[in-house]
Structure formats: C-alpha cells, structure tokens
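Subject: The structure, and what turned up in it

Hi there,

Here is the structure we talked about, with some notes below on what I found in it. Have it open while you read, and follow along residue by residue.

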Amino acid sequence: MNTYVYSIEDDAENAQTLYVNLTNKCSNNCVFCIRTTVDDIKGKNMWLDNENFSASDVLKQFENFNTPKEVVFCGYGEPLMKFDILKEVATALKEKGIKIRINTNGTGNIINKKDIVPELAKFTDEISISLNAPSQEQYDEISKPKLKNTFAEMLDFTKKSVENNIRTTLTVVDEYPDYKLDIEACKKIANEIGADFRVRKWISNGY
C-alpha cells in the first residue's frame with residue numbers, strides 16, 4: 001500500500017506532527033537527498049507504486065492517526081508537483097484547525113506555469129524552502145536542477161511567499177561530506193529577502 005501519511009514519532013498514532021508523501025517526482029536531484037540512501041522512514045516505504053491517486057486517498061490515511069497539531073507536506077518528492085491534490089488535502093485539514101507547513105525546493109511556480117503563492121497563502125501557515133547554496137554555480141552542483149533558471153526562480157518564489165505573509169524559512173544542509181558552504185552568505189540572502197534561516201545538519205537516514 002502506498003504511504004501517503006506517516007509519522008517520525010515513536011507513538012505514531014498520537015503524533016503531534018504528521019507528514020504527507022504526495023509524489024516521488026522531483027524537479028531537483030539534490031546530492032544530499034535521503035532517498036538516495038534509504039527507502040523508508042520509520043519502517044514506512046516512501047516509494048509509491050504509482051502516482052494515480054486522489055486527495056480522498058490521502059485524507060483516508062489520516063484515519064489511522066489521532067488529529068495532529070501540524071501536518072507537513074514532505075516526502076520523497078517535490079510536493080508542489082501535486083499542487084491540486086495538496087491544495088485539496090491542506091484545505092480540508094486547515095478547516096479542522098490543523099497547522100499546515102510545506103517543505104519545498106521552491107520551483108512550484110515553474111512546475112505549475114503560474115504564480116501559485118497567493119493560493120498557497122490561503123491555507124499555508126509556514127513554508128520551508130531549500131536555498132541549498134549562496135550562488136547559482138554551487139546551487140547547480142548541489143541541487144542538480146532539471147529545470148532552467150531554478151536558482152533565480154527559487155529566490156523569487158521565496159520573496160513572493162514573504163510578501164504573501166506566509167512564515168518563510170530558507171534552509172541549507174550542512175556537514176554533507178562532498179561540499180563546503182559559506183553559511184554566512186546563505187544567511188545574508190535570507191535576511192535580505194526577509195525570510196527566516198535554518199541550517200539543517202545532514203543525517204544519512206533522514207531523522
């Protein structure tokens with residue numbers, strides 16, 4: 001069975017935070033991505049048998065858990081590639097008073113060929129965007145984007161998120177063995193945009 005909803009807490013049924021795995025497709029191929037090293041999270045296989053499912057299929061899996069305080073759209077792919085399903089699921093959860101966070105690489109506007117940020121703002125409390133590097137050159141080395149102008153588009157997506165009053169955080173992954181980041185330069189980019197900044201320590205199994 002496809003895993004759409006999962007927990008990383010030991011007491012999964014009563015987890016305060018649940019995660020949603022909407023797709024295995026991604027517009028980047030980041031060198032540090034955990035899906036290159038493990039297939040599961042807490043024993044739940046993250047690889048989907050197929051991508052043909054509906055919002056109701058996702059919502060049904062929430063029945064296996066008690067109502068959480070927060071739901072995070074973060075799985076083995078870029079969640080905004082399934083924007084229509086994400087929107088339907090997130091809206092239904094938001095109506096129950098659940099906090100909504102989206103972890104994304106910031107390519108949602110390119111993928112959907114329109115500015116989706118105003119729609120996101122209607123149901124999204126927080127958004128975490130992968131900055132990954134302080135320059136286009138290093139970003140390409142780390143993120144290995146499949147789309148054009150991804151670094152610039154990601155920064156524009158971040159600015160739009162801030163402007164639409166979504167709590168926005170830019171993140172980088174540090175301590176990955178194959179590259180060295182200028183953390184202060186990354187932090188400066190976040191500060192100039194008006195976003196929060198967070199350094200994530202690379203962990204091989206993802207949690």
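Let's start with Phe73. Leaving aside residues up to four places away in sequence, Phe73 touches Val20, Leu22, Pro79, Leu86, Val89, Ala90, Ile100, Arg101, Ile102 and Asn103. Please keep in mind that this is a predicted model.

Phe73 belongs to the largest nonpolar core, a set of 52 residues, and together with Val58 and Leu120 is among those with the most contacts inside it. Helix α2 (residues 83–94) gives the most to this core, six residues in total. A separate core of seven residues lies apart from it, and its members include Tyr6, Tyr19, Ile41 and Val72. As background, nonpolar side chains tend to be buried together in soluble globular proteins.

Next, the sheet. Seven strands form an open sheet in the order β1-β2-β5-β6-β7-β8-β9, and the pairing is mixed. At the edges are β1 (5–6) and β9 (196–201), each of which pairs on one side only.

At the β1 end, two bridges pair β1 with β2 in the antiparallel sense, and Tyr6 stands opposite Tyr19 in β2. On to the next neighbour: β2 and β5 run parallel and are joined by four bridges, with Glu70 in β5 as the bridge partner of Thr17.

At the β9 end, strand β8 (residues 167–174) runs parallel to β9, and six bridges join them. Here Leu170 stands opposite Phe197 in β9.

Helix α7 (183–193) is worth a look too. Its residues Cys186, Ile189, Ala190 and Ile193 are buried. Those four cover an arc of only 95 degrees around the axis, so they sit on the same side of α7. The cover over them includes α6 (150–163), β8 and β9. On the face turned away from that buried side, α7 carries the exposed residues Glu184, Lys188 and Glu192.

Finally, the aromatics. Trp47 lies in the loop between β4 (44–45) and α1 (55–61), while Tyr76 lies in the loop between β5 (70–73) and α2, so the pair ties together parts 29 residues apart in sequence. Tyr76 is buried, at a relative accessible area of 2%, whereas Trp47 counts as partly exposed at 33% relative accessibility.

The other pair is Tyr176 and Trp202, also edge-to-face because the ring centres are 5.0 Å apart and the planes at 85 degrees. Tyr176 is in the loop between β8 and α7, Trp202 is in the segment after β9, and the two are 26 residues apart. Tyr176 is buried at 13% relative accessible area, and Trp202 is partly exposed at 27%. Along with Tyr179, these two form one aromatic cluster.

One last item for your tour: the charged end of Lys82 sits over the ring of Phe53, 4.9 Å from its centre.

Best wishes

Note on methods: Residues numbered from 1 in each chain as written. Predicted model: local features only at pLDDT ≥ 70, side-chain atom pairs only at ≥ 80, totals over all residues. Heavy atoms only, no water. Pairing = 2+ DSSP bridges. Core = buried A, V, L, I, M, F, W, Y, C linked by side-chain atoms within 4.5 Å. Buried < 20%, exposed > 50% of the residue type's maximum accessible area, 1.4 Å probe, protein only. Contact = heavy atoms within 4.5 Å. Phe/Tyr/Trp six-rings, centres within 6.5 Å; stacked < 30°, edge-to-face > 60°. Lys NZ or Arg CZ within 6 Å of the ring centre and 35° of its normal. Arc of directions from axis to C-beta.
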